[in-house]
Amino acid sequence: MKDRLSHQTFDFMQNMVDYSSNASAIWSTNKYCFVYANEKLANILGYDKEDLVGMKFSDALHPKDVDRSIAEYERNTNNGLSMLNDFPNRYIKKNGDVIWVIWKAAHNDVKLGLGFGEVVDPRWYQKIWFNIK
């Protein structure tokens, strides 16, 4: 029964990622890696979608953001929060460029070990929040 529910939940999350108008992904909450991503996220980060699957956050995050991001994520999930709104991170694109990504509406299902999140167009945030051209 649990395996069937886990599979149904993953299928549901996968549909949310596929049909999202934003860049989206599913991640492992205990391995800190991408499990599934849509083309929009892959394009923003400059990777093929398949390259993101299994990629650890620490391999994609800016080195100065890794410890802070993991600590903030664990603090929120350990306090029972399932939403991580406006969670900014710098990511290193495949070509080496740095880009800000702001995760919105990130939902975590700690029991299943999965999380889902979307980003709003990071270029908009760069201009408005960080004044980066």
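1. Helices (H or I, at least four residues) and strands (E, at least two) are DSSP runs, numbered from the N terminus. The model is predicted: local features need pLDDT of at least 70, side-chain atom pairs count only at pLDDT 80 or more, and totals for chains, interfaces and linings use all residues. Residues are numbered from 1 along each chain as its sequence is written, and side-chain values use heavy atoms, without hydrogens and water.

2. β1 and β6 (residues 114-119) run antiparallel, joined by 6 bridges. Strands pair if DSSP finds at least two bridges between them. β2 is also antiparallel to β1, with 4 bridges. Here Ile-26 stands opposite Tyr-36. The β1-β2 hairpin has 4 residues between its strands, and Tyr-32 in the turn has a positive phi of about 50 degrees.

3. In β1, 6 of 6 residues are buried (under 20% relative accessible area, 1.4 Å probe, protein chains only). Ala-23, Ala-25 and Trp-27 cover one side; Ser-24, Ile-26 and Ser-28 lie on the other.

4. His-62 sits in the loop between α4 and α5. It counts as buried because its relative accessibility is 15%. Its contacts (heavy atoms within 4.5 Å) are Arg-90, Tyr-91, Ile-92 and Val-98, not counting residues up to four places away in sequence.

Definitions and conventions
Buried means under 20% relative accessible area, exposed over 50%, partly exposed in between (1.4 Å probe, protein chains only).
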